[in-house]
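I opened this notebook to keep track of what I looked up, one topic at a time. The entries go from the whole chain to single residues.

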Amino acid sequence: MKKLNFLSFVLVFSLSAGCAQKRDQVVTIRTKFGDMVAILYDETPKHKENFLKLAKEHYYDSLLFHRVIQGFMIQGGDPQSKNSAAGQRLGDGGPGYTIDAEINTRFFHEKGALSAARLGDQVNPAKASSGSQFYIVQGKKFPAEEIMTDPQKYNSALQQFFQKPENKKFYDSLGTFYRSNDVRGYDAYIRSLKPVVEEQLGVKVDKEIPAEALQAYTTIGGAPHLDGQYTVFGKVIKGLEVIDKIASLPKDQSDRPIENVMMTVTVEELPVRKIEKLYGYQYPESK
């Protein structure tokens, strides 16, 4: 019996030691406004391998965050941005290849999401990613009701609702907000009509959303309308405030910051447990 207990202890110890030795690579994106530290997802292997390869080759060093939109995201990785002239329009450059989409419903566009830029659906129906350009989500916080509403279903229901003569008073009220250019009032009124529309038409316009995503979008914020459209392949686990600083910079008509924001990207391999301890990030398998 003692021998069995000893062997069991050795087996458990060996398994624990194996887990403790698991390692991952941490990406640091350095800017003059501070550093953003990110992990990349194993579930998007093509994107992870490509980003790490380019970073280790110093491909990203001295490139710019060439497109920033406050309340939305910051974008970089265009090789044409290196040594570009002030005001030069950017965003078309890359390494000469694309990456197959790896859109995974587990990963969503919360604040800090590291995602691949791409061309639009009309010329890129497969949603293939740019070989080098990426964006980091800033986003904004949303009310839970707005997050849970399917916009396509609701827009279709609203069209039917406003076509009914008895609903002219609602349409007229909406027109008041439109004519006064009251965007917030307009949006709030549209949301307030949801229960009336659902009851009158006998429809439901909600969509399923994971509890984790709902909590993130209502507390730290994000860009939920991008979910399912772009590949999210990583996440900033330290330096979210840097995103805010860059996103708030003055910019030109092409959303390029007037002040150049240069990046340097480095990669460091560390034990998973050390990453969790240093940055407060918990890997899913550790939960």
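**Ground rules.** I am reading a predicted model, in which local features need pLDDT of at least 70 and side-chain atom pairs count only at pLDDT 80 or more, while totals for chains, interfaces and linings use all residues. Residues are numbered from 1 along each chain as its sequence is written, and side-chain values use heavy atoms, with hydrogens and water left out.

**Whole chain.** I looked up the secondary structure and found ten helices and ten strands in the protein chain; these are DSSP runs numbered from the N terminus, helices being H or I with at least four residues and strands being E with at least two. The C-alpha atoms fill a box of roughly 80 × 65 × 35 Å along the principal axes. I noted that 41% of the 287 residues count as buried, where buried means under 20% relative accessible area, exposed means over 50%, and partly exposed lies in between (1.4 Å probe, protein chains only). The chain exposes about 16300 Å², of which carbon and sulfur atoms supply 53%; the areas come from the Shrake-Rupley method with a 1.4 Å probe. Taking contact as heavy atoms within 4.5 Å, I found that 75% of the contacts between residues at least 6 apart in sequence join residues at least 24 apart.

**The sheet.** In which order do the strands of the open sheet lie? I read eight strands in the order E3-E4-E8-E6-E9-E2-E1-E10, with antiparallel pairing; two strands pair if DSSP finds at least two bridges between them. Strand E3 (65–69) and strand E10 (264–271) stand at the edges with a single partner strand each, so one side of each has no neighbour in the sheet. Neighbouring strands are turned by 25° against each other on average, direction ignored, with axes taken as lines fitted to C-alpha atoms, for helices over the stretch in contact, and angles running from 0 to 180 degrees between N-to-C directions.

**Around E2.** I followed E1 and E2, which form a hairpin with two residues between them and pair antiparallel over six bridges; Val-27 has Ala-38 of E2 as its bridge partner. On to E9: four bridges join E2 to this antiparallel strand, and there Ala-38 has Val-236 as its bridge partner. Five of the seven residues of E2 are buried.

**Helices on the sheet.** Helix H9 (residues 240–247) lies across E1, E2, E3, E4, E8 and E9, and runs at about 120° to E2. Helix H10 (residues 272–279) also packs on the sheet, touching E1, E2, E9 and E10, and its direction makes about 120° with that of E10.

**Glu-110.** Is this residue, Glu-110, buried or exposed? Its relative accessible area is 9%, so Glu-110 is buried. I located Glu-110 in the loop between strand E5 (98–99) and E6, and, leaving aside neighbours within four places in sequence, its contacts include Val-137, Tyr-217 and Lys-235.

**Arg-30.** Not counting residues up to four places away in sequence, Arg-30 touches Asp-35, Met-262, Met-263, Thr-264 and Thr-266. Arg-30 and Leu-278 are 248 residues apart in sequence and 17 Å apart in space, C-alpha to C-alpha.
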